[in-house]
Amino acid sequence: MPGALGSLPMAAPPVDPALCVRCKGGRNLCGKPCYLMQDIQAHIPQVRLDRPEVQGPSPPGVFVGRHGYPKVNLGPLVPPLSLEARDLARMADSTAWYGHSINELVAQRSTLVLGRRDFSVHAARDPGRILQSTQEIALSDRAVDTELRLARVPARALGPTLGDTVPPMGPALEATRARLGENPHVPRAVDRLVGDTDAKAATALTELATTSVTVDHMQRLLSLGLLGTAERRKLVPTRWSITAVDDTLGKALLPKVKDLPELGTIHYHRASYNGNHFQVLLLPRPWGFDMQETWHAGSMWAPTTQTAVDFEEYSGRTGYASNITGAYYAGRLAVLEHLVGIGRQATVIVVREITDEYWAPLGVWLIRETMRHAMQNRPLVFDDLAAAVRHVTRFSRVQGWKENSHFLGGVYQATLGEFATAT
Amino acid sequence: MASVVANAALKESTAMFRATVKADVLKHIVEATSTLVDEAKIHITTDGVSLKAVDPAHVAMVDLSLGAKAFESYEAGDLELGLDLEKFKDVLKLAGSADTVKMEYHKDSHRLVMRMGNLVRRVGLVDTAGMPDPKVPNLNLPNKVVVSAEELHRAIKGSESLSDHVTVIADPEFFEISAESDLDALNLRLPKEELIELEAAERTKSMFSLDYLSNMIKAVRSGGALTMHLGSDYPVKMEFDLADGNGHCVYLLAPRIETD
């Protein structure tokens, strides 16, 4: 599977690569079926089913598709084969996925069958059978034995379902029934906030963030309309709910960070995982966040090298980070968690580089988890910006990464504290 | 010990504020301050009122004072009041610019009672305990330019569609503001004789954020003159009078700096 990109067309790409890195197969910006996604799909193992019943432990996994909104299709993810306990634990949560190879993750995730059905987004409060079972799986923090009955047995082996934001999964098939073989294991904090129909979704998420409930679990709850004030609970497509959770948790941390003293020196962090290389600079200035990602030639979305940049100054963004999309909010959350942890604010510069080792999209959890690991590593400390910049350059293959940066490239906003002494 | 107690008692007894002022003067102060902060700590003494505030990003600062003469009547002791500026702005909308506003601090309810004609508005105050007392940095700014606010207004307005910052040059012979985008450019050059005053021994150049600059220059109001003290890649200090010369506003704004 690695080296799958060797089969990418060498002639001029049929779509402008600059469009592809912003779209990542997920926004249909070119208006055609994604040729890059088709190529990736062709390299992932297929699932063959011989019966309409699919029974196995859902990791727990659920999916809400966005096509046809405000109608959505949703259901549980169930593996058709019994899994080793070890494999299952590995599939449960993105915090556990980190460190595993891309081949391993793609192979395991693409066996999960999505048994889906259409629902109105407003069905969350008055769920039908399949929705109710899916909600129960969403509540659980452990695998739940689940039985799906499919509308028909597919005649051929089926390929995976991929997106840039969501983790890979197996084929999506219409289901007529979904039943749980055991009770879901629901953490107490989840039970309490799902039962609280006066708390806004943002409030509930912020509160869950103070417990051991993971970002994935929060995202499942939000997606299945299990959080928020009673009359506003709605189903939210998985892709949107992932970014909504990252953004909401980040926004809740921001006022805290802005109250913290500035970092005294420059910190440098680094981590690499599955062909994704992150370098992070924390500068001793007021809060600001600047992220660039460069898809090197031959990597998933880029027949030729492409860079995208999004940033926010102290006062924050007013619009969606439409160049980097979900990865921006996942990266920002990881950095904000770290700043709260060390009790400092800083201007943050993230340089992400992607090579052809990253041959299938794994979802934005990869950005969140790799960034979290980068921040956990002990920082290299610099007093001098020029030296810190040289260090990033040494590990970067991007010509002009500094020029791409909003805070380092063009013009940066100084603060009054940088001038003269107070009288 | 006894004298400390006596002092405290004295301070308590003078913690009063009763004044009448044109609504327009208050509106001007709030306008000049609220571009930088949402809340401000107002220092009140027998001589007048003043405030200092730094915006949350530490990019700009306002240092504003209003003498007792700016008021139609003024009686006050030493006092600090915390104002929610957005709320205060809304309250002032109840008064026309030519109206007068009577203000009185009610210690017991910790409110500022404002009377506009027969309308009485009691304004709850904000706790000043957490509000910083910013120090005004001592800046060495070689050049001085005095220019009409109207000229600046036009240049700033024109620049906003091109860029998020402008370049400001003070030269022995002229003063210049310019902005550029990939395709377009704007430039306002005022020769020495068209300026109210120009004292520039050497040429200096700094860049400033339009977000900040535009709001600050709006606060000068048309017809007014603005004094700018400038250096190279250095903050600008801008000063202007308010309340017919009985008040004074100073802004400091940190520059944008080219990193290469």
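**Exercise 1.** To how many disulfides does the count come over all chains?

*Solution.* The model is predicted, so local features need pLDDT of at least 70 and side-chain atom pairs count only at pLDDT 80 or more, while totals for chains, interfaces and linings use all residues. Side-chain values use heavy atoms, without hydrogens and water, residues are numbered from 1 along each chain as its sequence is written, and chains are lettered from A and ligands numbered from 1 in the order of writing. Begin with the criterion, which asks for a pair of cysteine sulfur atoms within 2.5 Å; by this rule the count over all chains is zero. Next take A:Cys20, which is in no disulfide, the nearest cysteine sulfur being that of A:Cys34 at 6.3 Å. Then take A:Cys23, whose sulfur is 6.3 Å from the closest cysteine sulfur, in A:Cys34, and therefore too far for a bond.

**Exercise 2.** Classify A:Cys20 and A:Cys23 as buried or exposed.

*Solution.* Buried means under 20% relative accessible area and exposed over 50%, with partly exposed in between (1.4 Å probe, protein chains only). Because its relative accessibility is 8%, A:Cys20 counts as buried, and A:Cys23, at 9%, counts as buried too. For the whole of chain A, buried residues make up 57% of the 423 residues.

**Exercise 3.** Compare the radius of gyration of chain A with that of a compact globule.

*Solution.* The radius is taken over C-alpha atoms, and the globule rule is 2.2 Å times the number of residues to the power 0.38. With 423 residues the rule gives a value near 22 Å, and chain A has 22 Å, which agrees. Along its principal axes, the C-alpha trace of chain A spans about 75 × 55 × 40 Å.
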